[in-house]
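Work through these exercises with the model open. Each one gives a task, then a solution in steps.

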Amino acid sequence: MAKLPLTEQQLIEAYGPHLNEAPPGGWDAGLEIDRVVNTHCCFCGQQCGIKLKVRDNAVVGFEPWYEFPFNEGKLCPKGVKRYLQGSHPDRLLHPMERDPAAPGGFRQVSWDHALDRVVGEIRRIQQTYGDDAFAMLSGVSLTNEKSYLVGKFARLGLHTANLDYNGRYCMVSAGAGSKKALGVDRSPNPWSDIPLADVVWIAGSNVAETFPITTSYIWRARDRGAKLIVQDPRVVPLARTADLFLGVRPGTDSALFGAVLHTLIRRDWLDHEFVDAHTLDFDDAVAAVADMTPRWAADITGVPAARIEQAAEWWGSSATGMLLHARGIEQHTKGVDNVLAAINLGLATGKFGKPGCGVSTITGQGNGQGGREHGHKCDQLPGNRDISNPEHRAHVASVWGCDESEIPGKGIPAQEIIEAIHAGKIKGLLSICFNPLVSSPDSNFTAAALDRLEFYSVIEFFLSETAQHADVVLPGSLHEEDEGTATSGEGRIIKINAAVEPPGEAHLDWQILLDIAERLGKGKYFPYKNTQEIFEELRLASAGGTADYLGATWDRIENEMGLFWPIPEIGHPGTPRLFEGGRFFHPDGKARFHGVPFKESAEVVDDEYPVWLTTGRVVSQYLSGTQTRRIAGLVAQYPEPLCEMHPQLAERIGVTDGDIVTVTSRRGDITLPARVVNTIRPDTVFIPYHWPGAKAANQLTNRAVDPISKMPEFKVAAVRIARSPGHVETTDRRDLELHEGPS
Ligand SMILES: Nc1nc2c(c(=O)[nH]1)N[C@H]1C(S)=C(S)[C@@H](COP(=O)(O)OP(=O)(O)OC[C@H]3O[C@@H](n4cnc5c(=O)[nH]c(N)nc54)[C@H](O)[C@@H]3O)O[C@H]1N2
Ligand SMILES: Nc1nc2c(c(=O)[nH]1)N[C@H]1C(S)=C(S)[C@@H](COP(=O)(O)OP(=O)(O)OC[C@H]3O[C@@H](n4cnc5c(=O)[nH]c(N)nc54)[C@H](O)[C@@H]3O)O[C@H]1N2
Ligand code: SF4
Ligand SMILES: [Mo]
């Protein structure tokens with residue numbers, strides 16, 4: 001066929017007058033799709049809006065959703081490929097029971113058999129060892145409705161105190177610090193504040209790879225002339241464009257923040273009026289930093305004193321500024337201290353409650369914000385209430401229609417649950433949406449713990465590495481199969497819409513929990529016909545708590561493109577920016593300073609283990625990788641873990657880029673290719689943690705936790721490194737079939 005000579009006018013007629021305006025018949029004319037569903041990405045806490053294309057009960061593609069204000073159609077590589085999960089051949093389609101004789105170690109069973117077995121084992125274990133010997137672990141890729149349901153199911157269905165969630169590895173240091181200082185656990189700002197900041201300070205976040213859409217907000221601030229400060233042991237992609245790079249040694253952020261506060265005080269770059277009117281305990285903070293000079297901090301952090309002073313000057317002398325932090329400062333045995341030290345800088349300079357001002361965490365998991373509000377945590381009830389507070393218990397009991405005494409007390413956090421399983425104190429486990437074998441510190445210890453369980457059941461859609469240890473596997477639902485809400489890192493409640501139904505014999509997660517509750521004789525507490533009914537109850541349960549959703553309805557959330565909590569009354573507009581007028585969430589309205597001393601990490605380098613190890617993420621993989629390690633385009637981008645090291649370190653151990661090295665800590669070792677880059681400190685190596693088994697970075701990490709938040713120290717361990725004579729497989733194709741897309 002001859003080439004078609006197309007004029008510009010013909011093109012315009014074919015495509016429509018504007019490229020983002022659908023032509024007659026719509027964009028999808030001729031694509032043979034049944035419908036397009038507006039929803040959100042299933043991965044990170046940015047919760048980008050996305051349109052999923054559906055054909056024959058399968059998600060077959062996506063479209064940008066330009067109208068959703070947060071991302072305006074933009075998506076990162078994971079968002080673009082997310083639609084490939086649903087039709088993956090590994091999708092679990094039937095309940096399964098462990099059977100060593102069966103191929104793959106599991107045989108297919110009926111739902112009746114599987115549920116009877118689960119309930120029989122829950123009863124046996126609780127009768128033999130007590131109710132709390134059966135624990136539950138959950139996760140916040142689940143919607144608000146499911147998170148709320150899990151909290152109620154564990155307390156009233158299983159009647160165990162021991163429920164905790166994977167945010168224990170993610171958001172708890174930020175949450176605990178924010179609650180102590182500000183009285184609430186939510187980002188103080190809508191992201192539309194970022195472009196209004198004169199200084200943007202990123203502490204411990206690889207924004208360009210982990211929150212890619214946030215970079216566009218930062219560019220908008222830069223376009224207005226904002227200064228950019230990046231604090232990280234690595235010159236992460238965003239740092240390559242920064243005005244000031246603070247290349248801290250892992251585990252020393254509180255020394256750096258302390259020296260900045262010291263400088264703000266010495267140079268009087270303070271907002272005295274704000275400190276006097278809106279805060280308490282400034283003297284404690286002043287006393288703690290009295291000796292923290294920039295020179296002292298330079299010795300500890302490795303950041304030159306002049307750079308610390310420069311950061312203090314820009315932060316202290318600009319009218320507006322935002323400091324955004326993530327796991328780099330939070331996943332430490334002093335994660336809460338680091339967060340408090342960061343907040344001190346905002347309070348001292350009056351940078352709260354005003355446009356373009358705030359110190360905020362960047363929430364990690366998809367529903368990492370909402371999932372940490374509705375009673376998913378071992379010490380929490382809905383509305384971010386305290387399970388040990390009699391008034392809070394009475395309110396929730398009145399909504400649940402139970403006697404207050406039926407609600408168990410405070411349980412133990414996720415890492416302690418794993419320790420208690422290892423110690424033989426917890427004998428049974430039900431998990432949903434958590435893959436601790438890959439994501440918990442010290443994976444050899446976690447594997448040993450899982451092997452000691454008398455009974456383990458999991459609700460999953462893929463046979464994750466943890467699920468491979470289960471006695472009964474219950475096939476649950478993917479994000480696009482269920483309807484509900486999530487709350488993004490901004491504090492914006494958004495609507496998740498179902499695009500398809502679960503395939504095969506897979507069931508919706510919430511229905512599985514209802515079926516178990518029914519068989520446990522607790523059906524009266526779980527009368528829901530759909531997830532909207534769960535949300536209606538959540539609204540009442542949260543009312544009067546700090547995370548108040550009373551005024552949020554599904555219709556409003558959908559029509560208004562999200563609503564920011566608190567929304568304490570019907571008709572309330574929602575609260576995008578917290579603390580306006582300098583009013584914080586403590587009962588007296590005042591924020592608290594905290595004196596933060598510097599402490600070393602739980603493990604420090606020595607002659608035997610002379611190199612700092614830190615761990616984290618790459619752009620194309622998500623968390624434990626169960627989902628992204630199955631998608632070809634994402635695997636191609638970063639197929640296996642690499643050990644990032646500086647050329648000076650590489651030379652010392654005699655390796656060049658691509659050579660195989662063995663990295664050893666006190667807990668285990670990993671053999672992997674070296675990636676020699678000049679963007680990391682010469683005393684530190686970085687390994688991403690998205691892989692299981694012999695490729696798991698968590699073989700090396702330390703189980704030590706923060707005393708307040710109980711967050712493990714994922715960001716600091718001491719290791720030694722040697723060139724390895726060994727050979728490693730160079731792709732991840734051993735046990736996973738990669739998905740190229742629908743044919
Ligand atoms: N591509 C991708 N995106 C994700 C995720 C994912 O798995 N993949 N996960 C989501 C989730 S749940 C989370 S929690 C977030 C995490 O988002 P981030 O916190 O941005 O990601 P990390 O890679 O864990 O760590 C961030 C940075 O901390 C630095 N760092 C290490 N130790 C220290 C230290 O002691 N001090 C300082 N200042 N920095 C340090 C590391 O070099 C790294 O660049 O990402 C979310 N987005
Ligand atoms: N070394 C090191 N370790 C880390 C970190 C680090 O930086 N370094 N980061 C930590 C952080 S911040 C996090 S958030 C954790 C995350 O750790 P995990 O929570 O263990 O990671 P995920 O991959 O999200 O695991 C969730 C599992 O649930 C399944 N799942 C997802 N959505 C659903 C759903 O809707 N329904 C059901 N039934 N199942 C679902 C997925 O298939 C997956 O197997 O890892 C932590 N571990
Ligand atoms: S930035 Fe986060 S929410 Fe947005 S597309 Fe990427 S993974 Fe999904
Ligand atoms: Mo996370």
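**Exercise 1. Find the volume of the largest cavity, then describe its lining.**

Solution. This is a predicted model.
Step 1: the largest cavity holds about 640 Å³ of space.
Step 2: a search of the whole structure finds seven cavities of 30 Å³ or more.
Step 3: The largest cavity has 39 lining residues. Nearest its centre lie Ser141, Asn166, Cys433, Leu623 and Gln627.
Step 4: assign elements. Strand S17 (455-460) and strand S23 (611-616) are the elements that give two or more residues to this lining.
Step 5: The lining of the largest cavity has 15 nonpolar, 18 polar and six charged residues.
Step 6: assign domains. Domain 2 (96-170 + 368-485 + 505-549) and domain 4 (611-736) each contribute at least three residues to the lining of the largest cavity.

**Exercise 2. Locate the second largest cavity relative to the domains.**

Solution. 
Step 1: take the volume, about 460 Å³ for the second largest cavity.
Step 2: Helix H6 (207-210), helix H13 (327-330) and S23 each supply at least two lining residues.
Step 3: sort the lining of the second largest cavity into 13 nonpolar, 14 polar and eight charged residues.
Step 4: conclude. Domain 3 (172-361) and domain 4 (611-736) both give residues to the lining, so the second largest cavity lies between them.

**Exercise 3. Which element gives the most residues to the lining of the largest pocket?**

Solution. 
Step 1: the largest pocket has a volume of about 730 Å³.
Step 2: its lining counts 29 residues, with Lys179, Asp379, Asn384, Arg385 and Asp386 nearest the centre.
Step 3: Helix H5 (172-182) and strand S15 (385-386) each supply at least two lining residues.
Step 4: H5 gives the most, with five residues.
Step 5: The lining of the largest pocket divides into seven nonpolar, 12 polar and 10 charged residues.

**Exercise 4. Describe the shell around ligand 3.**

Solution. 
Step 1: collect the residues that surround ligand 3. Among them are Cys41, Cys44, Cys48 and Cys76. The shell also includes Phe43, Leu75, Lys78, Pro212 and Ile213.
Step 2: assign elements. Helix H2 (77-81) and helix H7 (212-223) are the elements that give two or more residues to the shell around ligand 3.
Step 3: sort the shell. It has eight nonpolar residues, three polar and one charged.

Definitions and conventions:
Residues are numbered from 1 along each chain as its sequence is written. Chains are lettered from A and ligands numbered from 1 in the order in which they are written. This is a predicted model: local features need pLDDT of at least 70, side-chain atom pairs count only at pLDDT 80 or more; totals for chains, interfaces and linings use all residues. Side-chain values use heavy atoms; hydrogens and water are left out. A residue is near a molecule or strand if one of its heavy atoms lies within 4 Å of it. Helices (H or I, at least four residues) and strands (E, at least two) are DSSP runs, numbered from the N terminus. Ala, Val, Leu, Ile, Met, Phe, Trp, Tyr, Cys and Pro count as nonpolar, Asp, Glu, Lys and Arg as charged, and the others, Gly among them, as polar. On a 1 Å grid over the protein atoms alone, a cavity is a set of points where a 1.4 Å probe fits but cannot get out, and a pocket is an open set with protein on both sides within 12 Å along at least five of seven lines; lining residues have an atom within 4 Å of a point. Grid points are joined across faces, edges and corners, and a volume is the space filled by probe spheres set on the points. Domain bounds come from an automatic or database domain assignment.
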